[in-house]
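Trainee: Could you walk me through this structure? I am new to it and would like to begin with the strands.

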Amino acid sequence: MSDHELKQLIQAADRAITAEDFESLMDFYADDATLVVKPGLNATGKTQIRKAFMAIAAHFKNQLKVRQGEMKVIEGGDTALVIMETVLDTVDADGVDVSTVRRATYVFRKTEAGKWLCVIDNSYGTTLLDG
């Protein structure tokens with residue numbers, strides 16, 4: 001799966017998040033995309049998603065680094081479900097490095113031009129069922 005174009009796309013998005021390049025990050029999302037900001041709170045549309053990522057960066061004191069672990073892609077027609085480990089590297093209040101692993105789920109849609117765009121970004125995965 002390491003060669004799948006969605007893995008490369010997601011890695012590029014992670015680099016944009018880490019660099020806080022939120023304008024470029026919006027190129028990865030469909031206009032009608034939804035981001036799960038936290039359980040019970042979603043952002044829909046690029047304007048809300050951009051604002052959410054700015055707030056997330058501030059919450060983590062601009063020290064958030066995002067990377068991916070194992071990934072599985074299931075394609076059907078022009079839609080793909082991505083199930084993967086998302087790793088969030090942060091620094092706690094005491095300055096100690098902390099890594100959090102989430103089992104994320106993402107849905108991508110392929111445009112007529114052949115470009116994959118994220119339509120659902122859920123880094124919490126099935127843990128949304130826990131609350």
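Mentor: Seven of the 10 residues of strand S1 are buried, so S1 is largely enclosed by the rest of the structure. Buried means under 20% relative accessible area, exposed means over 50%, and partly exposed is in between, with a 1.4 Å probe and protein chains only. Helices (H or I, at least four residues) and strands (E, at least two) are DSSP runs, numbered from the N terminus. This is a predicted model, in which local features need pLDDT of at least 70 and side-chain atom pairs count only at pLDDT 80 or more, while totals for chains, interfaces and linings use all residues. Residues are numbered from 1 along each chain as its sequence is written, and side-chain values use heavy atoms, with hydrogens and water left out.

Trainee: In which sense do S1 and S2 pair, and over how many bridges?

Mentor: S1 and S2 (residues 41-44) pair in the antiparallel sense, over four bridges. Two strands pair if DSSP finds at least two bridges between them. Leucine 35 stands opposite alanine 43 in S2.

Trainee: What about the hairpin of S1 and S2: how many residues lie between the strands?

Mentor: Two residues lie between them, and glycine 40 in that hairpin takes a positive phi near 90°.

Trainee: In which sense does S1 pair with S6?

Mentor: S1 and S6 pair in the parallel sense, over three bridges. Tyrosine 29 stands opposite cysteine 118 in S6.

Trainee: Which residue of S6 is the bridge partner of phenylalanine 108?

Mentor: That partner is also cysteine 118. S5 and S6 pair in the antiparallel sense over six bridges. Their hairpin has five residues between the strands, and glycine 114 there takes a positive phi near 90°.

Trainee: Why is S6 described as largely enclosed?

Mentor: Six of the seven residues of S6 are buried, so S6 is largely enclosed by the rest of the structure.

Trainee: Changing topic, how much space lies in the largest pocket?

Mentor: The largest pocket holds about 510 Å³ of space. Of the 30 residues that line this pocket, the closest to its centre are Ile17, Leu35, Phe53, Asp121 and Ser123. Helix H1 (5-18), S1 (29-38), H3, S3 (65-76), S4, S5 (97-110) and S6 (116-122) are the elements that give two or more residues to the lining.

Trainee: How do you define a pocket, as against a cavity?

Mentor: On a 1 Å grid over the protein atoms alone, a cavity is a set of points where a 1.4 Å probe fits but cannot get out, whereas a pocket is an open set with protein on both sides within 12 Å along at least five of seven lines; lining residues have an atom within 4 Å of a point. Grid points are joined across faces, edges and corners, and a volume is the space filled by probe spheres set on the points.

Trainee: How do the residues of the pocket lining divide?

Mentor: The lining of the largest pocket has 22 nonpolar, four polar and four charged residues. Here Ala, Val, Leu, Ile, Met, Phe, Trp, Tyr, Cys and Pro count as nonpolar, Asp, Glu, Lys and Arg as charged, and the others, Gly among them, as polar.

Trainee: And how many cavities of 30 Å³ or more are there?

Mentor: The count comes to one. About 50 Å³ of space lies in the largest cavity, and its lining includes Ile17, Glu20 and Phe53. Helix H3 (residues 46-59) gives the most to that lining, with three residues. The lining divides into six nonpolar, two polar and one charged.

Trainee: Now for aspartate 89: is it buried or exposed?

Mentor: Aspartate 89 counts as buried, at 16% relative accessibility, and its place is in strand S4 (residues 79-91).

Trainee: Which side chains make polar contacts with the side chain of aspartate 89?

Mentor: One is the side chain of arginine 67, at 2.7 Å, and another is the side chain of serine 99, at 2.4 Å. A polar contact is a pair of N or O atoms within 3.5 Å; within protein, one must be able to donate a hydrogen and the other to accept it, and residues adjacent in sequence count only if both atoms are side-chain atoms.

Trainee: What about aspartate 14: where is its place?

Mentor: Aspartate 14 is in helix H1 and counts as buried, at 7% relative accessibility. Leaving out residues up to four places away in sequence, aspartate 14 touches Val66, Arg67 and Gln68, where contact means heavy atoms within 4.5 Å.
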